[in-house]
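Welcome! Please take a look at the structure below, and then we will walk through how its chains meet.

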There are 2 protein chains.
Amino acid sequence: MSLNLQTHTEHFTNPLYLESGRILEPYDITYETYGTLNDDKSNVVVVCHALTGSHHAAGLYEGEAKPGWWDGFIGPKKAIDTDKYFVICSNVIGSCFGSTGPMSMQYPHHEPYRYKFPVVSIKDMVKAQRILFDRLDIHRVHAIVGGSMGGMQALQFAIHYPNFANKIIAMATTHATQPWAIAFNKVAQESILNDPDFKQGYYDPKLLKEQGLSGMAVGRMAGHISFLSPESMREKFGREYKLTDGLYELFGKFQVESYLEYNGYNFTKWFDPLSYLYITKAINIYDLSRGFDSLDEALKRITSALYLISFKNDLLFKNSEMQEMAQILKKIGNRNHDYVDIDSNYGHDAFLVELDKFENNVKDALNG
Amino acid sequence: MSLNLQTHTEHFTNPLYLESGRILEPYDITYETYGTLNDDKSNVVVVCHALTGSHHAAGLYEGEAKPGWWDGFIGPKKAIDTDKYFVICSNVIGSCFGSTGPMSMQYPHHEPYRYKFPVVSIKDMVKAQRILFDRLDIHRVHAIVGGSMGGMQALQFAIHYPNFANKIIAMATTHATQPWAIAFNKVAQESILNDPDFKQGYYDPKLLKEQGLSGMAVGRMAGHISFLSPESMREKFGREYKLTDGLYELFGKFQVESYLEYNGYNFTKWFDPLSYLYITKAINIYDLSRGFDSLDEALKRITSALYLISFKNDLLFKNSEMQEMAQILKKIGNRNHDYVDIDSNYGHDAFLVELDKFENNVKDALNG
């Protein structure tokens with residue numbers, strides 16, 4: 001069967017009450033679906049995206065060079081099998097691919113929010129999705145799957161809507177963002193803010209599209225370090241030097257430098273810097289235990305079957321953070337969870353790149 | 001006895017032939033000494049500084065808030081005991097604390113070099129020091145000690161001047177800079193270059209002194225991440241939030257963010273951005289095996305007693321890189337080396353901070 005990719009946007013006029021006490025009103029959510037919803041609506045799998053991801057998780061649009069960000073994972077006969085499951089992936093609020101974010105028009109003015117956009121949390125992102133599913137008349141799903149910030153959403157679903165999903169699969173993520181990750185986000189944020197072309201959000205959209213903002217490019221380079229590991233970088237790049245450059249040229253480049261430049265300067269043409277500020281903020285303030293006496297109390301709320309997957313060399317969200325969760329789950333008598341640590345040198349990006357190392361875990365979790 | 005701190009600058013008119021084929025002429029080297037040279041000049045210990053260090057390794061000048069960068073280590077009865085040893089620490093060429101660097105005047109013009117300064121290597125830095133010691137009529141030393149880039153210098157001494165030192169103590173360093181470290185340097189370099197106030201080196205010195213360059217501040221923040229580890233950051237900062245800031249304020253701050261801001265913006269007032277570009281370049285191109293058929297061949301040159309010290313959670317120069325050296329030394333039959341991996345969560349900065357964890361190793365190496 002085919003992927004059956006469809007893209008939609010839903011408009012909501014009721015206010016979204018945010019964790020901060022502020023409201024978002026009105027708002028849009030853009031989402032994609034793959035596969036076909038069965039008659040009793042029992043085959044829904046929700047996929048949640050990471051910081052710079054979008055609702056476009058699989059398939060290839062006409063004219064597109066690269067398919068969706070988890071295309072190797074979602075499709076007919078793939079780990080998330082669209083012959084079997086109806087997959088929904090929505091763009092989070094605060095992002096810049098169709099759902100309402102800081103560059104959306106602020107009602108009733110015809111001006112983007114920019115800094116007037118409220119800080120949204122992972123919990124807010126999840127709440128907005130829950131409202132989308134209500135609109136689609138989906139009140140329970142088979143599974144919620146996500147990595148990195150997508151895993152944060154999956155866990156937040158598990159705690160705040162304990163009756164919504166049969167299964168939660170969270171990978172390369174944590175229960176609360178630790179200072180190492182916050183520090184990398186800080187470098188990116190400061191780099192954006194200090195770029196005179198950013199103009200506190202009043203940047204020229206044409207400039208962004210044509211050459212990007214150098215501040216965001218540099219910030220993204222820092223991000224790319226955090227997604228890898230010393231080991232994977234050494235394997236990938238070694239000490240290879242660009243052939244055309246002399247070793248004693250001040251601006252001669254190692255391959256790893258070219259890689260960072262390419263990815264940094266490319267990124268800033270397609271991602272909105274205000275969204276970067278807001279989504280990294282959401283990641284920074286993410287903490288499952290907020291509003292509870294302890295993380296134990298938060299995790300006690302979970303009734304879904306819970307599958308935790310960490311990666312050995314993930315420095316951004318260390319496997320020890322997942323282990324902390326697994327230990328608490330055991331302590332509080334949760335008998336419906338599974339934790340696996342995948343052997344990988346790749347670093348954080350393993351959840352996007354080394355699919356073969358954990359796709360069987362996801363298949364078993366979904367189908368078992 | 002007292003520290004007997006003295007500061008000197010030597011001026012050299014003969015050309016310094018650099019690895020690149022270029023020359024530096026004339027040049028200055030600024031250095032400090034501590035302790036007293038004995039009659040047969042057999043008590044000299046050379047200390048080599050890291051990226052942003054200087055010749056000011058110990059003691060406190062009048063009006064100074066903080067003593068030299070290794071003050072806990074160098075002094076009467078300290079690990080490098082100035083009652084016993086005559087310690088010399090010189091500012092490397094390319095730096096900005098008195099030795100010739102990119103902001104020095106280019107002879108015979110009365111204009112700073114800026115980008116006309118030649119790329120210098122760690123080997124060049126060591127060669128310049130060797131020439132300084134010749135001038136001081138010191139032709140053999142008891143030991144050379146350094147961490148990070150200081151350790152690179154110590155190792156480079158061991159290979160290129162094998163009869164110069166009885167003992168080499170290199171810590172928190174490597175045999176060749178790996179892409180993880182190069183990547184962090186790249187973020188700092190790009191951040192400096194993209195700062196419009198940098199003006200390709202034609203920045204306003206007054207601006208630098210009074211408020212610093214924001215590009216270098218952000219670059220330095222990335223550096224500060226690389227000096228720590230996820231574990232030490234978690235221990236040091238946790239998820240503490242600044243008391244006066246609201247959690248849902250876009251620019252509300254975690255403690256780790258304040259730490260990075262403080263250190264980044266403070267740093268740029270006292271360090272020259274051109275020197276940062278040149279010294280990070282020197283670190284990037286550092287490779288002990290250059291000019292030899294292999295690292296084995298390079299290490300075969302060593303005749304000094306060699307003491308290697310790595311730190312378990314150093315991500316910048318991983319302990320595995322030191323282990324590679326130790327394995328080769330064993331393989332090639334070197335019987336005069338010792339390697340120890342210090343148990344520490346601190347990360348790279350352990351060599352500056354957790355002195356108590358390895359000062360006995362250094363004492364034993366020096367005095368044994």
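B:Glu261 pairs with A:Lys186 in a salt bridge, with their closest N and O atoms 2.5 Å apart. The term covers a side-chain nitrogen of Lys or Arg within 4 Å of a carboxyl oxygen of Asp or Glu. Chains A and B share eight salt bridges.

This is a predicted model, where local features need pLDDT of at least 70, side-chain atom pairs count only at pLDDT 80 or more, and totals for chains, interfaces and linings use all residues. Residues are numbered from 1 along each chain as its sequence is written, chains are lettered from A and ligands numbered from 1 in the order in which they are written, and side-chain values use heavy atoms, with hydrogens and water left out.

Here are some totals for the two chains together.

| Item between chain A and chain B | Value |
|---|---|
| Residues of chain A in contact (heavy atoms within 4.5 Å) | 61 residues |
| Residues of chain B in contact | 61 residues |
| Buried area (accessible area lost on being put together, 1.4 Å probe, summed over both) | about 5,300 Å² |

Carbon and sulfur atoms give 69% of that buried area. On the chain A side, A:Trp180, A:Arg239 and A:Tyr248 lose the most area to chain B, together 15% of what that side buries.

Now for a helix in chain B. Helix α5 (a DSSP run of H or I, at least four residues) spans residues 214-227 of chain B and reaches 20 Å from its first C-alpha to its last. All of this helix is buried (under 20% relative accessible area, 1.4 Å probe, protein chains only): 14 of the 14 residues of α5(B) are, so the helix is largely enclosed by the rest of the structure.

Conventions:
Buried area = accessible area lost by both parts, 1.4 Å probe. Helix = DSSP H or I, 4+ residues; strand = E, 2+ residues; numbered from the N terminus. Expected span 1.5 Å × (residues − 1). Buried < 20%, exposed > 50% of the residue type's maximum accessible area, 1.4 Å probe, protein only.
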